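The following report treats selected elements of one structure. Please consult the sequence and the coordinates alongside the text.

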Amino acid sequence: MKKLVFLAAALFNFSLFFAQEIRVGVLNGPSCIPAAYMMENNKNINGSDVYFEKFADPQTLLPKLLKKEIDVGFLPVNVAAKVYNSSNKSIICCGITGNGNLSLITKDKKIKSLSDLKGKTVNIAGQGATPEYIFRQLLEENKLEADTDSGVKLDFSIPTAQIPSQLISGKISYAVVPEPFASIAQLKSKDVIAAVDLQKDEYEVFYSDTFPLTVMVVRKEFAEENEELLDSFLYRYKKSFEYTVKNPKAAGRLCEKYDLGLEAGVVAAAIPKSNYVFIPAKDGKNKIEALLNIFMKNQSESIGKKLPGDDFYYKYQ
């Protein structure tokens, strides 16, 4: 009897030692919208518990990722590349989760193209981020100088979340924002229009339909030690993204339920225009490098001064 009790205890401890879990960091706001369905339905994958922790921005998520307190997270493409280059390749890219969804919003009905912005001031969502560098490149291709009186002045003084209200109130006149902020402005004021489809301009300039805005990253050590669990997680995330795109109203309710920083109605309106995707890293490498080359041209320090190596791209099966 004592031997049986000892054996049972040993087996229990053995199972605990090898128990797996996955800790996921999601960012409050647009990038976490496709994860809401997972938060509701995938709290356990293949017998492994899945824990979700919310963060206000990448700067608060990164320390926990680097301290191994978070296994999977979502980051802007340039931030992911910089961390890879500056932390001995401690994180790698699982895939693209959000493609470009930038709009030039305004109440000025005379704006039909970027050339109409000559002499104007445009507020940009985030200095040193993808919207800035994409917009700078588009201005250059349209022979408009940035930050000059005769060209287009760029203003980064207003936090992205405040841009819609500032535009509606008339404190600013032109802004480049991603979703859902363009939808927020248009939902709150019938006078606000998306005057220029920047994705169309991107295609004409770069021969690319869009650039990635957000990627999912994973700690390299976790990926190497838990390949089967990670692949199962990525499969569930893909299903979650597909559900989100097909069911924007239900996804909106889930985002509100889990207090992800956005109202259900805003999420439902934004999803059809948000360009959510799940492109495995190995398939999205060319798009990622195309965007990172723009960062290299404008501010190489923002990606760690070089493109990531091939081992940055996780080979999801």
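## Helix H5

Helix H5 comprises 12 residues, 130-141, which at 1.5 Å a residue should span 16 Å; its end C-alpha atoms are 17 Å apart, which agrees. The expected span is 1.5 Å times one less than the number of residues. Helices (DSSP runs of H or I, at least four residues) and strands (runs of E, at least two) are numbered from the N terminus.

H5 is mostly covered, with nine of its 12 residues buried, where buried means under 20% relative accessible area, exposed over 50%, and partly exposed in between, for a 1.4 Å probe and protein chains only. Among the buried residues of H5 are Tyr-133, Ile-134, Phe-135, Leu-138 and Leu-139. Lys-143, which follows H5, has a positive phi near 60°.

## Basis of the values

This is a predicted model, in which local features need pLDDT of at least 70 and side-chain atom pairs count only at pLDDT 80 or more, while totals for chains, interfaces and linings use all residues. Residues are numbered from 1 along each chain as its sequence is written, and side-chain values use heavy atoms, with hydrogens and water left out.

## The seven-stranded sheet

Seven strands form an open sheet of mixed pairing in the order E2-E3-E1-E4-E11-E5-E12; two strands pair if DSSP finds at least two bridges between them. At the edges lie E2 (44-45) and E12 (276-280), each of which pairs on one side only. Helix H10 (residues 227-246) packs on the sheet and touches E1, E2, E3, E4, E5, E11 and E12, contact being heavy atoms within 4.5 Å. The direction of H10 makes about 155° with that of E12; axes are lines fitted to C-alpha atoms, for helices over the stretch in contact, and angles run from 0 to 180 degrees between N-to-C directions.

E1 (residues 21-27) and E4 (residues 72-76) are parallel and share two bridges, with Gly-73 in E4 as the bridge partner of Gly-25. Ile-91 stands opposite Arg-219 in E11, and Ile-96 has Ile-279 in E12 as its bridge partner. Nine of the nine residues of E5 are buried.

## Lys-112

Lys-112 is found in the loop between E6 (103-106) and E7 (121-124). Lys-112 is exposed, with a relative accessible area of 63%. Leaving aside neighbours within four places in sequence, Lys-112 is in contact with Ala-195 and Val-196. Its side chain reaches the backbone oxygen of Lys-109 at 3.4 Å.

Methods: A polar contact is a pair of N or O atoms within 3.5 Å; within protein, one must be able to donate a hydrogen and the other to accept it, and residues adjacent in sequence count only if both atoms are side-chain atoms.
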